[in-house]
Every structure is written in C-alpha cells, then in structure tokens.
Amino acid sequence: SRPSPMTRTFGRRWRRGAAVVGVGLASGAAVALTAGLAAPAVIGGIAAVGGGISSLGTAGALLGTGVASIASLLSGAAGVAVVTSLFGATGAGLAAYKMDRRLADVSEFDFLQPRKALILAAREAAAERAAEQEREHDGGDGGGDGGDGGDDGSVGTGRPDGGGVPRWRGRA
C-alpha cells in the first residue's frame, strides 16, 4: 500500500530538517575549530581597538577602557572558550539558515546509494587508465613511434594508425 499524502509530507519535512541540522552541526564544528585557533588573535585585536579608542578624548577613554577590560577578561583559557563558542554557534546558525533557504523550494530530497553497476564501471575505467599509464611509463606499446612521425614534439597517440588525441611531452 502507498503511504498517505500526510505521511509523505511528514517524511519530506523530516528529511529536510535532518539535512539542515546536519549541515549546521558540521559547519558549526568546522567554524568552532578554526575559531579556537584564531581566538588569541581576535582577543588581541579587541585589546588593540580598545587602546585605539581610548586615545580619542574623554568619552573615548571611557569606552576604550571598557573595551580593553573586556579583552583582558577574555585573555585566558575561558576567553578562548567563549570566542570559540560564539563563533561556532554563529557559524552553525548561519549555515543552517542558508541550507533551509536552499531547500525551501525542494519538493523531494533523498540520499541515494549509487548503483553497483556504476561503481563497477568506474573502477574498471580507473584500472584501464592506470594500466595505460603504466604501459606509457614502461616504454609504450613496444614498437614504432605510435603512428606519429611528426617533428612537433609530440610523443604519439599510442595507436599504430595515428588516431586519437596526441600526448605531448615538454612544453606545448
């Protein structure tokens, strides 16, 4: 029996939500990792901005002192954790928002397993390319000049009739 339209709609919403959450978590983790590495520089930049603002007069001195004191509070391991958390949460939220917008008009979304025939064909093609490259590396096809006796710097096509795409050596 076929699922009801309500069940299909629920399934689509669930898969879309899973995609959005997955992208949000993955990108949030990546941003948090890089933010943890950049946190000391970010905190140093905040301290520098506070010092620059404090040289702008009386109101600037008050504001600059406040910014510099925030930077000094963030200068330890807790500050690195705070900056990492803020950047990670912001990155995750932004990525999830963008993914949600991208999937807004998508009516079907599925993760499909590639068919075994396609996988086998790709493996065979890769093995043929590797064998061909090995033959070229070991001296070609064993005789002749590959059907190309030209003086243009080409090695030949590897085919006795000269057909195919010529392979070049040196500068083209």
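Patches first: they are made of residues with over 30% relative accessible area and no salt bridge, joining like charges within 9 Å and nonpolar side chains (Val, Leu, Ile, Met, Phe, Trp, Tyr) within 5 Å. A salt bridge is a side-chain nitrogen of Lys or Arg within 4 Å of a carboxyl oxygen of Asp or Glu. Areas are Shrake-Rupley, 1.4 Å probe, with only the protein chains shown counting as cover for residues.

This is a predicted model: local features need pLDDT of at least 70, side-chain atom pairs pLDDT 80 or more, while totals for chains, interfaces and linings use all residues. Numbering runs from 1 along each chain as its sequence is written, and side-chain values use heavy atoms, without hydrogens or water.

Now the patch. V82, L86 and F87 make a nonpolar one of about 260 Å². L86 is in helix α3 (a DSSP run of H or I, at least four residues, numbered from the N terminus). L86 has 52% relative accessible area, so it is exposed (over 50%; buried is under 20%, partly exposed in between).

Next, T84. Helix α3, residues 77-102, holds T84 too. Buried or exposed? Buried, because its relative accessibility is 18%. Its side chain reaches the backbone oxygen of V80 at 2.7 Å. Beyond four places in sequence, T84 is in contact (heavy atoms within 4.5 Å) with A32, A35 and G36.

Last, S27. S27 sits in helix α1, residues 5-53. A polar atom of its side chain lies 3.4 Å from the backbone oxygen of G24. What does S27 contact, neighbours within four places left aside? G91, A92 and A95.

Conventions. Helices (H or I, at least four residues) and strands (E, at least two) are DSSP runs, numbered from the N terminus. Buried means under 20% relative accessible area, exposed over 50%, partly exposed in between (1.4 Å probe, protein chains only). A polar contact is a pair of N or O atoms within 3.5 Å; within protein, one must be able to donate a hydrogen and the other to accept it, and residues adjacent in sequence count only if both atoms are side-chain atoms.
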